[in-house]
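Please look through the sequence and the structure shown below before reading on. The report then takes up a few side chains, the salt bridges and a pair of helices.

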Amino acid sequence: MAAEDFSYHAPEELIAQRPLESRGASRLLHLPAGGGLRDRQFADFPRLLEPGDLLVVNDTAVVPARLFGSKKSGARVEMLLERFLARDRALVQLRANRSPRPGQELVFEGGATARVAGREDAFFVLEFDRDLDAHLHRHGHVPLPPYIRRPDRSADRQDYQTVFARHAGAVAAPTAGLHFDDAMLGALGDRGVDIARITLHVGAGTFKPVTARQLRDGELHQERMQVSDDACRRIEVCRRRGGRVCAVGTTVTRALETAASGGEIKPFHGETRLFIMPGFEFRAVDMLVTNFHLPESSLLMLVCAFAGRERVLNAYRHAVSERYRLFSYGDAMLLEKPRLAA
């Protein structure tokens, strides 16, 4: 298997640069369990679930994780948080014309100073002269993905955050959750659909190309996650009553399948390196709501593992021909696990 096996043409003009005015106004491409494609609106989503089904959402909150700064020489530097290591210490990505050396000092917006303490693979360890989380919330920028070709704006602090956001720690939004608003949650409740929450803090590694080593080893970048006792209990209750578990996004899928890797869903608190690719046996998830993902990405590989590579790539080609909006601020898909042939 190679990354090229998950390629498709994603026209630049279809890459959504801004969200729609209403979160629930996006389109929804439905892949039913029995096959075929259905062009729908996201407003149709509640009636595609049944009473007794369980929706599982990610309640991570996006940190304004990007800072601009400079070296003492005046050369520009851009920092993107990967994760906090301590109050004043972080693992980050750095963009500069030349990689900073260990011990070198960097100065960022708002007057924060950081010392390069070391490296971990492609990431740098920075030690700051202050509480980094507080500084980011005052001076940081929303870490919009690289395919959104505009500076962040104040509205992105709300637009790039889901209605479920509770626990700060992500540097990218779990974008399937961006389609939900209070009206949608009310309609799901009226439908008899339960909701469970997990936490997975999306890391900057989600935007990095998949390497041959990752494909060979079957492991991805680490992400911190927690599946609680309550979430496990709700999943067990759903199973007992014959309901389906619908994951809102690839992040929820990764978290639930990590927690179910022993054969049944159990509470989990820690790091996951799980790489879901075709051939993976899903134990926790029956339905998946997700956005359209970049060609050759680990997220597209996960979706192909869930619903079948040719089926998904055919759906992507259909979406492009029908002018669906792509990626983080784009439209959505609902995929049901294919029925096995009798």
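A polar contact is a pair of N or O atoms within 3.5 Å; within protein, one of the two must be able to donate a hydrogen and the other to accept it, and residues adjacent in sequence count only if both atoms are side-chain atoms.

## About the model

This is a predicted model, in which local features need pLDDT of at least 70 and side-chain atom pairs count only at pLDDT 80 or more, while totals for chains, interfaces and linings use all residues. Residues are numbered from 1 along each chain as its sequence is written, and side-chain values use heavy atoms, with hydrogens and water left out.

R254 is found in helix α6 (residues 250–259), where helices (H or I, at least four residues) and strands (E, at least two) are DSSP runs, numbered from the N terminus. The side chain of R254 makes a polar contact of 2.6 Å with the side chain of E223. Is R254 buried or exposed? At 5% relative accessibility, R254 counts as buried, since buried means under 20% relative accessible area, exposed over 50%, and partly exposed in between (1.4 Å probe, protein chains only). Residues that R254 touches, not counting those up to four places away in sequence, include L200, L220, H221 and T272, where contact means heavy atoms within 4.5 Å.

N58, which is found in strand β3 (residues 54–58), is buried as well, with a relative accessible area of 2%. The side chain of N58 has a polar contact of 3.1 Å with the side chain of T251, and a polar atom of the N58 side chain lies 3.1 Å from the backbone nitrogen of T60. Beyond four places in sequence, N58 touches T162, F164, P174, I198, T199, L200, T251 and V252.

## Salt bridges

A salt bridge is a side-chain nitrogen of Lys or Arg within 4 Å of a carboxyl oxygen of Asp or Glu, and by this rule the count comes to 22 salt bridges. In one of them, R95 pairs with E78, with the closest N and O atoms 3.8 Å apart. This pair links distant parts of the chain, because R95 lies in strand β7 (residues 89–96) and E78 in strand β6 (residues 76–86), 17 residues apart. R95 is exposed at 59% relative accessibility, whereas E78 is buried at 16%.

D230 and R233 form a salt bridge with their closest N and O atoms 2.9 Å apart, and both lie in helix α5 (residues 229–240), three residues apart, about one turn of the helix. D230, with a relative accessible area of 34%, is partly exposed, and R233 is partly exposed at 43%. These two residues belong to a network of salt bridges that links D194, D230, R233 and R234.

## Two helices in contact

Two packed helices are described by the angle between their axes and the distance between the axes. The axes of helix α7 (residues 298–307) and helix α8 (residues 309–321) come within 7 Å and cross at roughly 120 degrees; axes are lines fitted to C-alpha atoms, for helices over the stretch in contact, and angles run from 0 to 180 degrees between N-to-C directions. That makes α7 oblique to α8, because angles under 35 degrees count as roughly parallel, over 145 as roughly antiparallel, 65 to 115 as roughly perpendicular and the rest as oblique.

Where the helices meet, L300, V303, C304 and A307 in α7 contact R309, R311, V312, L313 and Y316 in α8.
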